[in-house]
Amino acid sequence: IIEQETAAYISDKAESLGLDVSVRVRAESDGKNPPVLIAELTGETSESLARYLVEELGIPRERQVWNNEGDN
């Protein structure tokens, strides 16, 4: 549920910024600590959206995977 809700928050924010981005969020756990979220985004890289993930959702840059469309 957390993965789906977080992806929805990110998608809504991307839309409000005028971005066409698809989002996938997954939670990974080592079984001892709370799970960490990893966001995979496909579309144009956005500094504003990346900052939102850090500041509002607590997803640091190292757990953000940006796949730019058109990259080879």
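This is a predicted model: local features need pLDDT of at least 70, side-chain atom pairs count only at pLDDT 80 or more; totals for chains, interfaces and linings use all residues.
Local features here need pLDDT of at least 70, side-chain atom pairs count only at pLDDT 80 or more, and totals for chains, interfaces and linings use all residues. Residues are numbered from 1 along each chain as its sequence is written, and side-chain values use heavy atoms, with hydrogens and water left out.

Q: Why are the buried residues of H1 said to line one face?
A: Thr6, Ala7, Ile10 and Ala14 are buried (under 20% relative accessible area, 1.4 Å probe, protein chains only). Seen down the axis of H1, the buried residues fall within an arc of 100°, so they line one face; the arc is taken from the directions from the helix axis to the C-beta atoms. On the other side, Gln4, Asp12, Glu15 and Ser16 are exposed (over 50%).

Q: Which elements give two or more residues to the largest nonpolar core?
A: This core has 16 residues, and Ile10 and Leu41 are among those with the most contacts inside it. Such a core is a set of buried Ala, Val, Leu, Ile, Met, Phe, Trp, Tyr and Cys residues joined through side-chain atoms within 4.5 Å. H1, E1, E2 and H2 each give two or more residues, and the largest share, four residues, comes from H2.
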